[in-house]
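This report covers a pocket and the helix packing around it. Please keep the model open while reading.

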Amino acid sequence: MERFKWIPQSLHGGDQDREDDLLGEFEGSDSWSPLQRLYGFAASLVIGFAFVLLSLIVFYRPIKFGIMFTFGNILAVGSTAFLIGPVQQARMMLDPVRIYATAIYVGSAIVALVCALWIHSKMLTLIAIIIEICALVWYSLSYVPFARRMVSELFASCCDTEF
C-alpha cells in the first residue's frame with residue numbers, strides 16, 4: 001500500500017487539504033481510498049463493456065440488445081464518477097462544449113430504454129441506439145483537442161460533390 005501514497009498527492013496537485021479536490025465529491029469520500037476508487041472505476045468499466053459485448057450476442061433481438069447496450073454504456077460512461085466524483089462528472093458533461101452531445105446521449109439512452117421496455121418497438125430501439133452511439137462518439141471527441149473539427153472536415157470532404 002505504500003507505493004500508492006503518491007496517488008492522492010498527484011490528484012490533489014500536492015495540496016491534501018483542498019475541499020473541492022478531484023476525488024472528494026463522493027458522499028463519505030473520506031472512507032474511499034484511491035485504490036478503492038480505482039477498483040470501483042475498473043469494475044464499473046469492465047461490467048459496462050461486458051454488457052456491451054454481451055449485447056452483441058443478442059443483436060438479432062433488438063429489444064434485449066437495446067437494454068443491454070444502453071445499460072452497458074451508462075455503466076462505462078459513469079465509471080469515471082469513481083475517479084473524479086459524480087459532481088465533477090456532471091460539471092464536465094454539462095460544459096458548454098459538451099452540453100448538446102450530453103443531452104442527445106442521455107435523451108437517446110432514455111428513448112432506447114422506453115422503446116425497448118414499454119413500446120417494444122425494434123425499429124425505434126435500433127434508431128435510438130444508433131443515435132446514442134453517434135452522440136457518445138461526438139461527446140468523446142470533445143476531450144481530444146481539434147478532434148471534432150477534424151471529423152467534421154472529414155465528413156464534409158466525403159460528402160462534397162465538387163472535386
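In this predicted model, the second largest pocket has a lining of 13 residues. Nearest its centre lie Ala76, Val77, Thr80, Gln89 and Tyr139. The pocket holds about 240 Å³ of space. Four helices, H2, H3, H5 (86–93) and H7 (122–141), each give at least two residues to the lining. By class, the lining has nine nonpolar and four polar residues. No charged residue takes part in the lining.

**Helix packing**

Two packed helices are described by the angle between their axes and the distance between the axes.

| Pair | Angle between axes | Distance between axes |
|---|---|---|
| H2 (residues 34–57) and H3 (residues 62–78) | about 160 degrees | 7 Å |
| H3 and H6 (residues 99–119) | roughly 150 degrees | within 9 Å |
| H6 and H7 | roughly 160 degrees | within 8 Å |

**H2 with H3**

How are H2 and H3 oriented to each other, roughly parallel or roughly antiparallel? Their axes pack at about 160 degrees, and angles over 145 count as roughly antiparallel. H2 and H3 are therefore roughly antiparallel. Their crossing is left-handed. On the H2 side, the contact includes Ser44, Leu45, Ile47, Gly48 and Phe49. Phe51, Val52, Leu54, Ser55 and Leu56 of H2 also take part. H3 answers with Phe65, Met68, Phe69, Gly72, Asn73, Leu75 and Ala76. Twelve residues of this contact are nonpolar and five are polar. None is charged. Ala76 of H3 belongs to this contact and also lies among the residues nearest the centre of the second largest pocket.

**H3 with H6**

H3 and H6 cross at roughly 150 degrees, so they too are roughly antiparallel. This crossing is left-handed. H3 contributes Ile63, Ile67, Thr70, Phe71, Asn73, Ile74 and Val77. H6 contributes Tyr105, Ala109, Ala112, Leu113, Ala116 and Leu117. The contact has eleven nonpolar residues, two polar and no charged.

**H6 with H7**

H6 and H7 cross at roughly 160 degrees and are therefore roughly antiparallel. H6 passes H7 in a left-handed crossing. From H6, the contact includes Ala101, Thr102, Ile104, Tyr105, Ser108 and Ala109. Val111, Ala112, Cys115 and Ala116 of H6 join in. From H7, the residues include Leu124, Thr125, Ala128, Ile129 and Ile131. Glu132, Ala135, Leu136, Trp138 and Tyr139 of H7 are also in the contact. The classes are 16 nonpolar, three polar and one charged.

Conventions: Residues numbered from 1 in each chain as written. Predicted model: local features only at pLDDT ≥ 70, side-chain atom pairs only at ≥ 80, totals over all residues. Heavy atoms only, no water. Axes fitted to C-alpha atoms, helices over the stretch in contact; angles between N-to-C directions. Parallel < 35°, antiparallel > 145°, perpendicular 65-115°, else oblique. Left-handed = near helix turned anticlockwise from the far one by under 90°. Contact = heavy atoms within 4.5 Å. Nonpolar A, V, L, I, M, F, W, Y, C, P; charged D, E, K, R; others polar. 1 Å grid on protein atoms, 1.4 Å probe; cavity = no way out; pocket = protein on both sides within 12 Å on 5 of 7 lines; lining within 4 Å. Points joined across faces, edges and corners; volume = space filled by probe spheres on them.
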